[in-house]
Amino acid sequence: MKTLPHVLAALTAAVATALVSQTANAAVLPDYQTQSGWFTAGADAVAAKVAQVRNTAGAKNVILFVGDGMGVSTLTAARIYQGQAAGNTGEENRLSFETFPYSALAKTYSVNQQTPDSAPTMTAMITGVKTEDGMLSVSADSIRGNCLSSKGNELKTTLELAENLGKSTGIISTARLTHATPAATYAHSPERNWEADSDMTTEAINNGCHDIAYQMVMDAPGDGLEVALGGGRSYFLPNTVTDGEGSRGRRADGNDLTAKWSENFSNAAYVWNQEQFDAIDTANVDHLLGLFQGSHMQYEADRADDVGGEPSLAEMTSKAIDLLAKNDQGYFLMVEGGRIDHAHHAGNASRALQDTVALSDAVQAAMDKVDLSDTLIIVTADHSHTFTIAGYPARGNPILGLVHAPEDEAIAAAPTRAGDGMPYTTLGYANGPGAKNGARADLTAVDTTDVEFLQQAQVPMSSETHAAEDVAIYATGPGAYLFQGSVEQNVIFHVINQAAALGGTKY
C-alpha cells in the first residue's frame, strides 16, 4: 500500500519529468517563436496559473456583481470599447474582473422557459433554487400573479441568511430597487410587477401579500438592510406627493416609505441627489437609503445631465463598502448594473457598453477597498441578449463603427459591403427596434458611433429580447476556486453558502 510520502515523491518526480520535457521541447522551437510577445505572454499566463494557490479559507464578506443582460458578446464589445476609449486598438484590453483567477459558465434557463427573464435567474442565484419566470424568491409550486399560491413557498435568500448571522447587508442598482434583480434579494412575490401597492391585484391584497417596496422597508429581514441605493423613488412615495425632480408617487396606501426608513432603523438617513449622497459620513450612519430617480437611474452616458445629480455605480459601491465594513461580523452586498439590459432592449449598443464599463469600474472600486483574503467577489449576469459581433473588421476597427476589412489603407477607407451593396456595422441584434420592414437602410453617411444610434436588427420588434446562451461567472477570493466548468445558475448560491457558511448545508 502506498503511503502519503510515496505518493508525494511520485508526484514530484512526474512534475520534474514534465518540466525537463518542456525545456527540451522549447529548445527545438525557433527563437522568433519563443521570443514572440504572444508566446511569452501565453507562457507567463500558464506560469501564473501553476503558481496560483487556492484560497480555501472562509469568506467574511461577499460581494455579488450582476450585469443585467451582460452576455459574453457584451463583455467582448465592452472590453474593446473601453480599450479604444483609452487610445488603444481595444481587443487586447481586459475589464477589471476579467483578471479574476476563476471563471465558469452558467446555464440560465428557468423552470418554465428556455430563455428567461431576470426574476427566476436572480432567484436561482440568490436562493439556490430555480423557479418560473416572473416570480421572485418563491418556488415553482407558486402560480404567477396568485398571492395565495405563494404562501408557504417562500425561499430563503443569501441576504436573509446573512442578516440572520448578524452580518450587514446591502443592495445597489442603477435600475429601480424594486426591479427584479435587486428585489429577489429581499422580497418574496409571485409577481415581479407588484412593485408598489397600486400595482397589486385585489386577490393579492386580500390574501395578505405585500408589494415589493413595502417589503424592503417594512418586512425587512434581521435589523434591516444597511444600504439600499438605486432608483425607484416613486414606488416608495404616496401618490399625493411630487418629488424634487417632478415625479409623482405611486403608492395608494398613503405610506411614505422613505420616512418609514428613518423611523424604523437607528442612525438612518435618506438621500435623493448627488449633493446629499456626497455629504453622508458613513461613520455616523448605519442605515442608508438613496433613491436617485422616480424610476430607473440614468444611463451612464446621460448621468451628467441629471437634474438632481446621481452618483456613479462605482461611487455607490465604494460608499456602501465603507458603511458595511463597520460590522466585524462581515457583510453581503449585491451590486447590479441594471441598465445594460435596458439599453439592449432599446437596440442601443453604445449605452449598453458604457454601462458595462461602469460596472467594471464599480468592481475595480470594490477591489481597491477590500481584502481579498477574506472577501469573495463574484461577477456574473442574469441572462444574455441577441447582441452580435459580426463581419471581418480589421484589428482596432471602431467597435461601434462600420466594418472595414484589414486591407491596405486605400481599400479600408471604404467600408465592407454586404450582399445588398450597403455597408454594415460590427455590432447588431437578431431582433429589436433597429429592424425595418423592407430594404435595409444605407448607413454610408450615418454616424453609427453616435450614442443615439440604434444598431440594425433582423426581426422587427418594439423591444429586443433576451437570449438563452450561457453567461460568464468570474470570481476571486475565498471559495472562488469552486467556479469551474459549466454549472447551473443556482450553483452560485451554493458557492456563496459554502464559502461564507451562511447556514445552509456545509459541503
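Student: Hi! Is the crossing of α13 and α15 right-handed or left-handed?
Tutor: Right-handed, in this predicted model.

Student: And at what angle do those two helices pack?
Tutor: Helix α13 (residues 313-324) meets helix α15 (residues 349-369) at about 25 degrees, and their axes are 8 Å apart. Angles under 35 degrees count as roughly parallel, so α13 is roughly parallel to α15.

Student: Which residues make the contact?
Tutor: From α13 you have L313, A314, T317, S318, I321 and D322. On the α15 side, they are A358, L359, D361, A362, A365, A366 and K369.

Student: OK, switching to S173. Where does S173 lie?
Tutor: S173 is part of strand β3, which covers residues 168-176.

Student: Buried or exposed?
Tutor: Buried, because its relative accessibility is 0%.

Student: What does the S173 side chain make a polar contact with?
Tutor: With the side chain of E336, at 2.5 Å. Beyond four places in sequence, S173 is also in contact with other residues, including P182, L229, M297 and G338.

Student: What does A220 contact, leaving aside neighbours within four places in sequence?
Tutor: Q215 and F265. As for Y186, it is 34 residues from A220 in sequence, with the C-alpha atoms 7.2 Å apart in space.

Terms used. Residues numbered from 1 in each chain as written. Predicted model: local features only at pLDDT ≥ 70, side-chain atom pairs only at ≥ 80, totals over all residues. Heavy atoms only, no water. Helix = DSSP H or I, 4+ residues; strand = E, 2+ residues; numbered from the N terminus. Buried < 20%, exposed > 50% of the residue type's maximum accessible area, 1.4 Å probe, protein only. Polar contact = N/O pair within 3.5 Å; in protein donor to acceptor, adjacent residues only side chain to side chain. Contact = heavy atoms within 4.5 Å. Axes fitted to C-alpha atoms, helices over the stretch in contact; angles between N-to-C directions. Parallel < 35°, antiparallel > 145°, perpendicular 65-115°, else oblique. Left-handed = near helix turned anticlockwise from the far one by under 90°.
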